[in-house]
Amino acid sequence: MEKVEARLKQDFTFYYFICIGQQKVGAVRIVDKKESGKNKRISPIFILPEFQGKGIAQKAIQLCEEMHGNGNWELDTILQEPKNCHLYEKMGYLQTGKTEVINERLTLTFYEKREADRI
């Protein structure tokens, strides 16, 4: 709980609810230190299960990139979740080759999107 509170108080952290009409269907956290040459970070984004597969996450990512600047983004996701990897790759994110094994069932894979990578 302390870690969540600390993140909420960071002046470089932005939280957005993802809504359809008045209904909250997800949320996204953007880390943007607003420093030239520094990556902005999506960490995390989630959509309620009943709203997944409808393009909502794509639109949310697109809006976040427009609000915070199109270049120099990063994120990590679970390698064993192919739908997550597909979403990010479809949005123009490229795997960096870096992975981090958490346990035998969970490996994080890291992505970046540079200005030159924009779709």
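Me: Where is Asn-72 found?

Reply: Asn-72 is found in the loop between α2 and β4. These elements are DSSP runs, numbered from the N terminus: helices (H or I) have at least four residues and strands (E) at least two. The model is predicted: local features need pLDDT of at least 70, side-chain atom pairs count only at pLDDT 80 or more, and totals for chains, interfaces and linings use all residues. Residues are numbered from 1 along each chain as its sequence is written, and side-chain values use heavy atoms, leaving out hydrogens and water.

Me: What is the phi of Asn-72, a residue other than glycine?

Reply: Phi of Asn-72 is near 65°, a positive value. Most residues other than glycine have a negative phi. Lys-34, which is not a glycine, also has a positive phi, of about 55°. Lys-34 is placed in the loop between β2 (23–31) and β3.

Me: Why is Lys-34 called exposed?

Reply: A residue is buried under 20% relative accessible area, exposed over 50% and partly exposed in between (1.4 Å probe, protein chains only). The relative accessible area of Lys-34 is 57%, so Lys-34 is exposed.

Me: What makes the peptide bond between Ser-43 and Pro-44 a cis bond?

Reply: Its omega is about -5°, and the bond joining Ser-43 and Pro-44 is cis. Most peptide bonds are trans. Pro-44 lies in strand β3.

Me: How do you know that the buried residues of α3 are on the same side?

Reply: The buried residues of helix α3 (residues 82–90) are Cys-85, Leu-87 and Tyr-88. They cover an arc of only 160° around the axis, which puts them on the same side of α3; the arc is that of the directions from the helix axis to the C-beta atoms. The exposed residues Pro-82 and Lys-83 are on the face of α3 turned away from its buried side.

Me: What covers the buried residues of α3?

Reply: The cover includes β3 (40–47), α2 (56–68), β4 (73–78) and β6 (106–113). A contact is defined as heavy atoms within 4.5 Å.

Me: How do you know that the radius of gyration of the protein chain agrees with that of a compact globule?

Reply: The radius is taken over C-alpha atoms, and the globule rule is 2.2 Å times the number of residues to the power 0.38. For 119 residues, a compact globule would have a radius near 14 Å; the protein chain has 14 Å, so the two agree.
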